[in-house]
Amino acid sequence: MTTSIISSTGQATLLDGTLPLRPFHPDGFVGALSADGQQVRVAALACDGECLVALGLVGFDTSIGVVLARLWSSTAVQFEPASEWQAAWHGPDLLKRSGERYKQRVAHLEGTREVHALALVRTAHLTEGILHPPDLPQMQEQSEATTAQPVREQQEGSQPPAGQPKPPVWVPRYVLGNWDESGPHQQSFLGHLYALRVLFLHRDEKHPAWPLLWAEELWQRGLSRSLVTPLAALGIRAWRLSGDLVAWSALVGEGVRAGWLPWQESDKE
């Protein structure tokens, strides 16, 4: 059973997703991939720009192997959406792999000679993210006036002086949801925040609704500030979560100070 609450923005929760994740459209296949004369049906697809985030394929094992081999060798593969989904597809016609590694699983379909293959970019795999979190960025212990780089120097491409920490490289994560639901499962979203090392309220015995409120507020305000971005997808839903720990921490700090992220009893209680 999903819990629906109203956030301080006045909107009902969008974190209505359920588990398990079903990487296929209930009405059938959403398109096909072709490579080296082999064609396989696409059950689910999500992309971040031209880069593949999640891919579900159904077909013969050999044909799927050819298509995936082309993708993993950094060769673009043609995607042809099914006729009924052409207007709904806003992603690329040529699919490419990202620079990240992928997790791949294959299962035989009972009663057939075909298989169902699922490929996820590593940063969409929740367990992988929790077991291997990103390194914390090196924070300078200087005032903003001291650490700020003049705009003119940035335009000239100047390098930071020796001994100063390099700017962190923020790696986004990807959260997935079922096609027929408006948002992901709440724990899927919070799990990826945990993998990003974002601090949030996990539980509160006296106020069990507070962690739900935190999840809803961070999700909706993350959407409004482009920390959470919907992606082009068919058969599943997908969102990119910014890996910018500084921006997420600033959002949490703002919420705690303003009170829309409760974390302790008020003095009047």
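Guide: Start with the cysteines. This is a predicted model. The sulfur of Cys-51 is 8.3 Å from the closest cysteine sulfur, that of Cys-47, which is too far for a bond.

Visitor: What makes Cys-47 buried or exposed?

Guide: The cut-off for buried is under 20% relative accessible area. Cys-47 has 2%, so Cys-47 is buried.

Visitor: And why is Cys-51 called partly exposed?

Guide: Partly exposed lies between the buried limit of 20% and the exposed limit of 50%. Cys-51 has 29% relative accessibility, so the label is partly exposed.

Visitor: Which residues touch the most other members of the largest nonpolar core?

Guide: That core has 38 residues. Leu-33, Leu-45, Val-53, Leu-55 and Leu-57 touch the most other members. Strand E2, residues 38-48, gives the most to this core: six residues.

Visitor: What is Leu-55 in contact with, leaving aside neighbours within four places in sequence?

Guide: Contact takes heavy atoms within 4.5 Å. Among the partners of Leu-55 are Leu-33, Val-42, Leu-45, Leu-68 and Leu-118.

Visitor: What does the second, separate core include?

Guide: The second core has 24 residues, including Leu-15, Leu-227, Trp-248 and Leu-251.

Visitor: Which residues of helix H7 are buried?

Guide: Leu-245, Trp-248, Leu-251, Val-252 and Gly-255.

Visitor: Why do you say that the buried residues of H7 line one face?

Guide: Look down the axis of H7. The buried residues fall within an arc of 130°, so they line one face of the helix. An α-helix has 3.6 residues a turn, so residues three or four places apart point the same way. The buried residues of H7 pack against helix H5 (186-195), helix H6 (209-224) and strand E9 (228-230). Arg-257 and Ala-258 are exposed, on the face turned away from the buried side.

Visitor: What caps the N-terminal end of H7?

Guide: Asp-244 does. A side-chain oxygen of Asp-244 lies 3.1 Å from the backbone nitrogen of Val-246. The limit for a polar contact is 3.5 Å, so this pair qualifies. After H7 comes Gly-259, with a positive phi near 100°.

Conventions:
Residues are numbered from 1 along each chain as its sequence is written. This is a predicted model: local features need pLDDT of at least 70, side-chain atom pairs count only at pLDDT 80 or more; totals for chains, interfaces and linings use all residues. Side-chain values use heavy atoms; hydrogens and water are left out. A nonpolar core is a set of buried Ala, Val, Leu, Ile, Met, Phe, Trp, Tyr and Cys residues joined through side-chain atoms within 4.5 Å. Buried means under 20% relative accessible area, exposed over 50%, partly exposed in between (1.4 Å probe, protein chains only). Helices (H or I, at least four residues) and strands (E, at least two) are DSSP runs, numbered from the N terminus. The arc is that of the directions from the helix axis to the C-beta atoms. A polar contact is a pair of N or O atoms within 3.5 Å; within protein, one must be able to donate a hydrogen and the other to accept it, and residues adjacent in sequence count only if both atoms are side-chain atoms. A disulfide is a pair of cysteine sulfur atoms within 2.5 Å.
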